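Please look over the sequence and the structure before reading on.

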Amino acid sequence: MTKIWLVGASEGIGRALAQELGKDHSMILSGRNQERLQELNPYRCFPLDVTAPDISLPEPIDTLIYCAGYYSPMSAAQIDLNAALSMVDINLSGAIRVLNAVIPHFIAKKQGHIVLIGSIAAYRGLPNSFGYGASKAAILHLGENLKCDLAKYNIKVQVISPGFVKTRLTSLNTFHMPSIMTPERAAQKIISAMKGNTFESRFPFFFGNFLKTLSKLPYFLYFRLIGRR
Ligand SMILES: NC(=O)c1ccc[n+]([C@@H]2O[C@H](COP(=O)([O-])OP(=O)(O)OC[C@H]3O[C@@H](n4cnc5c(N)ncnc54)[C@H](OP(=O)(O)O)[C@@H]3O)[C@@H](O)[C@H]2O)c1
């Protein structure tokens, strides 16, 4: 049975993933909120703050899913410095701290599977996405780095980019969120992507691929189309 370490399992997409993956796999669940993790019995709970400097591997694993994340809607015209730095610390630096604990283990056993939960907000700069968009663009880039360096150790690397999902994270958004889906549906999409070999996959299909296509446009056209010339 595959052993999966799921970081960011206490809420939202990670919680739905834990419940679905736990039907067929052995799970180690991390996040800061121990009580919420323990409600997900009978899986092993390994409370963790990804901003802590000393993250270690809980036990030998086969798969890492990094799903911890933080988002605060923000315009560059009104920066909330603490929130902006938290987004980078949790979304990007936290992933690096966890990977630092996992990669030597995967290299030693010449096998492993790393899944980074990114975002379709990673593809190009969007309005009111200061800090978050940059952290997710960096996650996609980090995944590319991992893929380049770790393929020879038989380590599979995937970045999975969700669109809008109805969770605590998006609850502060006041704008219309196209094709928003439930965490349970998002978990199904992630599990399906994990079974394949695509490096970067996205959902929902139409909105995700629309943003991906926009990202290929020349900048002058892109900024004109999104109304920020
Ligand atoms: N919701 C969306 O529309 C959407 C879209 C694209 C991508 N995503 C990405 O999907 C992932 C999950 O988001 P979500 O919507 O499910 O958000 P969520 O409901 O707020 O859940 C976030 C998870 O991250 C954990 N977390 C946050 N800070 C942490 C820290 N310092 N240390 C350890 N764990 C921490 C939380 O656990 P604790 O609070 O217990 O620590 C929680 O389990 C994130 O990477 C997010 O960027 C979400």
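The report covers the ligand site and then the salt bridges.

The model is predicted. Two elements each give two or more residues to the shell around the ligand: helix H1 (12–21) and helix H4 (132–150).

The shell counts 29 residues. Nearest to the ligand come Ser10, Arg32, Tyr132, Val165 and Thr167. By class, the shell residues split into 13 nonpolar, 11 polar and 5 charged.

## Polar contacts and burial

- Threonine 167 uses an N or O atom of its side chain, 2.6 Å from an oxygen atom of the ligand.
- Glycine 8 places a polar backbone atom 3.3 Å from a ligand oxygen atom.
- Glycine 69 also has a polar backbone atom 3.3 Å from an oxygen atom of the ligand.

How much of the ligand does the protein bury? Taken alone, the ligand exposes 880 Å². The protein buries 97% of that area.

## Salt bridges

The structure holds 10 salt bridges. One of them joins the side chains of arginine 44 and glutamate 59, with an N to O distance of 2.5 Å.

Where do the two partners sit? Arginine 44 belongs to strand E3 (residues 44–45). Glutamate 59 lies in the loop between E3 and strand E4 (63–66). The two residues are 15 residues apart, and the pair links distant parts of the chain.

Notes. Residues numbered from 1 in each chain as written. Predicted model: local features only at pLDDT ≥ 70, side-chain atom pairs only at ≥ 80, totals over all residues. Heavy atoms only, no water. Near = heavy atom within 4 Å. Polar contact = N/O pair within 3.5 Å; in protein donor to acceptor, adjacent residues only side chain to side chain. Areas by Shrake-Rupley, 256 points an atom, 1.4 Å probe, with all protein chains shown as cover. Helix = DSSP H or I, 4+ residues; strand = E, 2+ residues; numbered from the N terminus. Nonpolar A, V, L, I, M, F, W, Y, C, P; charged D, E, K, R; others polar. Salt bridge = Lys/Arg side-chain N within 4 Å of Asp/Glu carboxyl O.
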